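I opened this entry to go through one chain, element by element. My notes follow the order in which I looked things up.

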Amino acid sequence: MTYSSNTSPLEEPSGLKISHADPEIYSAIIHRLLFHFSRTRPGTQIVIVCIGTDRSTGDSLGPLVGTALSRFHSPLFHLYGTLEEPVHAVNLEETLALINQKYINPFIIGIDACLGHSTSVGCIQVVEGPLKPGAGVNKQLPPVGNIHLTGIVNVGGFMEYFVLQNTRLSLVMRLSDIIASSLYSALKQWHQHSSKPAAAREL
């Protein structure tokens with residue numbers, strides 16, 4: 001669970017913040033992800049780390065995204081964090097150590113639920129740089145990701161644990177579906193593009 005201190009991430013050239021109700025949300029997220037993928041080295045392995053727990057409605061966004069992505073059984077990415085095997089405060093450091101041992105300079109995508117301002121609830125953010133899990137509930141955990149995606153599930157700033165427990169599951173499910181679908185679509189498009197010969201990509 002992170003906390004969004006940015007009221008206007010769109011001011012940053014590499015950041016996107018968009019409401020889940022926006023009809024262009026899928027294309028906007030996919031476009032932003034493709035921008036980040038285009039800056040990776042050819043052959044870079046993609047690792048997705050979905051952070052959270054199913055023991056809290058508001059904090060279940062990450063595991064829900066991970067479970068949705070796991071159903072694709074895709075070789076395009078390596079996945080950590082599902083409802084069955086969540087990545088959370090207790091095992092995050094161990095998981096990151098495992099990833100660093102297993103992969104050489106992977107491109108890591110962090111995914112987590114987020115608390116923010118009331119006007120931002122229901123928004124999804126795609127931001128360059130690592131997310132800081134636990135910030136929303138005053139926990140010190142290692143940063144995760146070359147980029148990160150967060151869904152703002154509720155209002156932060158007061159009684160965060162209570163707020164997380166009383167978050168609408170319907171909103172969390174909606175945000176997780178958008179994130180998983182957009183991320184998988186972007187990965188497929190990037191794989192199709194990067195697997196073409198260089199001459200064909202330039203046409």
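**Helix α5**

I began with α5, which has 26 residues and spans 37 Å from its first C-alpha to its last, close to the 38 Å expected at 1.5 Å a residue. The expected span is 1.5 Å times one less than the number of residues. Helices (H or I, at least four residues) and strands (E, at least two) are DSSP runs, numbered from the N terminus.

I noted the source next: this is a predicted model, where local features need pLDDT of at least 70 and side-chain atom pairs count only at pLDDT 80 or more, while totals for chains, interfaces and linings use all residues. Residues are numbered from 1 along each chain as its sequence is written, and side-chain values use heavy atoms, with hydrogens and water left out.

I then listed buried residues in α5, among them Leu 171, Val 172, Leu 175, Ile 178 and Ile 179. Buried means under 20% relative accessible area, exposed over 50%, and partly exposed in between (1.4 Å probe, protein chains only). The cover over the buried residues of α5 includes α1 (25-37), β3, α2, β5, β6 (123-128) and β7.

I picked out Ser 182, which is found in α5. Ser 182 counts as buried because its relative accessibility is 0%. Leaving aside neighbours within four places in sequence, I found Ser 182 in contact (heavy atoms within 4.5 Å) with Tyr 26, Ile 29, Ile 30 and Leu 33.

**Helix α2**

I checked α2 (residues 61-70) and found it mostly covered, with 8 of its 10 residues buried. Its buried residues pack against β3 (46-50), β4 (78-80), β5 (107-116), β7 (147-155) and α5 (169-194).

I looked up Thr 44 in the loop between α1 and β3. Its side chain reaches the backbone oxygen of Arg 41 at 2.6 Å. Not counting residues up to four places away in sequence, Thr 44 touches Asn 105, Pro 106 and Phe 107. Thr 44 and Pro 106 are 62 residues apart in sequence but 5.9 Å apart in space, C-alpha to C-alpha.

I put the volume of the largest pocket at about 430 Å³. Of the 17 residues lining that pocket, the closest to its centre are Gly 43, Thr 44, Trp 190, His 191 and Ser 194. A pocket, on a 1 Å grid over the protein atoms alone, is an open set of points where a 1.4 Å probe fits, with protein on both sides within 12 Å along at least five of seven lines; lining residues have an atom within 4 Å of a point. Grid points are joined across faces, edges and corners, and the volume is the space filled by probe spheres set on the points. I saw that α5 gives the largest share of the lining, 5 residues.

**Pro 86**

I placed Pro 86 in the loop between β4 and α3 (92-102). Pro 86 counts as buried because its relative accessible area is 19%. Its contacts, leaving aside neighbours within four places in sequence, are Gly 52, Gly 81 and Asn 91.

**Whole chain**

I counted 6 helices and 7 strands in the chain. Of its 203 residues, 50% count as buried.

I finished with pLDDT, the predictor's confidence in each residue, from 0 to 100. The chain mean is 88, and 87% of residues reach 70 or more. Over residues 6-13 the pLDDT is below 50, and this stretch has 12 contacts beyond near neighbours in sequence. Residues 199-203 also stay under 50, with 3 contacts beyond four places in sequence.

Note on methods: Polar contact = N/O pair within 3.5 Å; in protein donor to acceptor, adjacent residues only side chain to side chain.
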